[in-house]
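Please have the sequence and the model in view as I speak.

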Amino acid sequence: MRIRVSTAMTAAALLVAPVSALAGEGGHFWSGDWYLKVGAAGFAAPRYEGAKKYLFQVTPMISLGKAGSTVRFSSRNDNPSFALIDNGGFRAGATGKLVMPRDDDDSKDLRGLTPVKFGGELGAFAEAYPTDWLRVRGEVRHGIRSHDGIVADIAADAFVDVRPDVRVSAGPRVTLASNDYMDTYYGVKPNQVAKSGLAAYDPGGGIHSVGAGAAITWQVNEKIETSAFAEYKRLVGDAAKSSLVKQRGDRDQVLIGLSATYRFDFTLP
């Protein structure tokens with residue numbers, strides 16, 4: 001297992017809290033007290049989506065928000081978000097995600113396949129708290145440059161503070177994807193068969209994966225926060241039937257890691 005240090009762009013995939021920055025009365029939207037969290041996460045994860053072999057990665061973490069904004073719970077799976085509606089029990093707005101490139105430098109399994117370009121996904125999110133200890137969140141995003149598909153993530157997290165400084169959370173996850181997304185990551189074109197050694201495959205859209213995640217977060221002090229996390233997902237539907245997954249990969253995908261962040265407080269006029 002070799003170590004890869006990801007670029008700073010990967011931070012968007014690991015933001016630990018969404019941005020919520022609505023204008024206050026008599027000021028600009030940026031006026032007031034803010035916080036900036038910076039840190040890093042180290043985790044073992046598949047070399048690519050659907051891979052059998054794992055890679056240890058180190059990625060930066062960046063989170064920006066307005067002090068006093070009432071985000072009851074956030075997950076490492078949450079993508080960067082800007083809440084346009086926030087009444088405490090319900091939040092909704094815009095969200096986005098940076099998408100890292102994928103090619104045969106990541107794994108020899110990918111030789112002969114079309115490389116995935118660096119790009120992103122933009123869309124909307126909504127989250128609600130049916131109870132004081134449960135959050136349900138959904139995101140729908142459209143690919144930019146990396147793929148032309150649509151991806152939807154749905155997650156529910158139950159959380160409890162076992163101590164004032166320690167929170168435990170866990171819950172199920174489901175991901176759905178359109179055929180354009182599936183074709184980018186799981187398709188094998190007929191003219192790629194000879195070079196890749198994989199059987200031709202033309203996937204359709206639908207449920208991409210199901211799984212669950214859990215985390216333990218320790219608020220060391222008002223500035224430092226650490227977390228241990230684990231995620232499991234099982235590829236289903238056309239993703240699981242891909243020749244890339246069946247011949248070289250694994251339907252079962254696991255991610256385990258640790259993270260730490262430090263918070264800086266500042267004020268803007």
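**A walk through the chain**

Let me begin with Tyr-185, which touches Glu-49, Val-99, Arg-102, Val-116, His-147 and Leu-244, not counting residues up to four places away in sequence; contact here means heavy atoms within 4.5 Å.

A word on the source is needed at this point. This is a predicted model, in which local features need pLDDT of at least 70 and side-chain atom pairs count only at pLDDT 80 or more, while totals for chains, interfaces and linings use all residues. Residues are numbered from 1 along each chain as its sequence is written, and side-chain values use heavy atoms, with hydrogens and water left out.

Now the chain as a whole. There are four helices and twelve strands; both are DSSP runs numbered from the N terminus, helices being H or I with at least four residues and strands E with at least two. Of the 269 residues, 44% count as buried, where buried means under 20% relative accessible area, exposed over 50%, and partly exposed in between, with a 1.4 Å probe and protein chains only. Among contacts with a separation of 6 or more, 64% are between residues 24 or more positions apart. The chain exposes about 13200 Å², and carbon and sulfur atoms supply 63% of that area; accessible areas come from the Shrake-Rupley method with a 1.4 Å probe, and for residues only the protein chains shown count as cover.

Which residues make up the largest nonpolar core? The twelve are Val-99, Val-116, Val-151, Ala-177, Tyr-181, Met-182, Tyr-185, Tyr-186, Leu-235, Ala-239, Ala-240 and Val-245. Helix 1 (179-186) and helix 3 (237-241) are the elements that give two or more residues to this core, and helix 1 has the largest share, four residues. By nonpolar core I mean a set of buried Ala, Val, Leu, Ile, Met, Phe, Trp, Tyr and Cys residues joined through side-chain atoms within 4.5 Å.

Is Arg-173 buried or exposed? Arg-173, in strand 9 (residues 166-177), is buried because its relative accessible area is 13%. The Arg-173 side chain makes a polar contact with the side chain of Glu-231 at 3.1 Å, and reaches the backbone oxygen of Gly-171 at 3.3 Å. A polar contact is a pair of N or O atoms within 3.5 Å; within protein, one must be able to donate a hydrogen and the other to accept it, and residues adjacent in sequence count only if both atoms are side-chain atoms.

Glu-127 lies in strand 6 (residues 119-131) and is likewise buried, with a relative accessible area of 1%. Its side chain makes polar contacts with the side chains of Arg-135 at 3.1 Å and Arg-137 at 2.8 Å. Leaving aside neighbours within four places in sequence, Glu-127 is also in contact with residues including Gly-89, Phe-90 and Arg-91.

Finally, a backbone feature. Most residues other than glycine have a negative phi. Arg-145, however, has a positive phi of about 75° although it is not a glycine. Arg-145 is found in the loop between strand 7 (134-144) and strand 8 (150-163), and counts as exposed because its relative accessible area is 56%.
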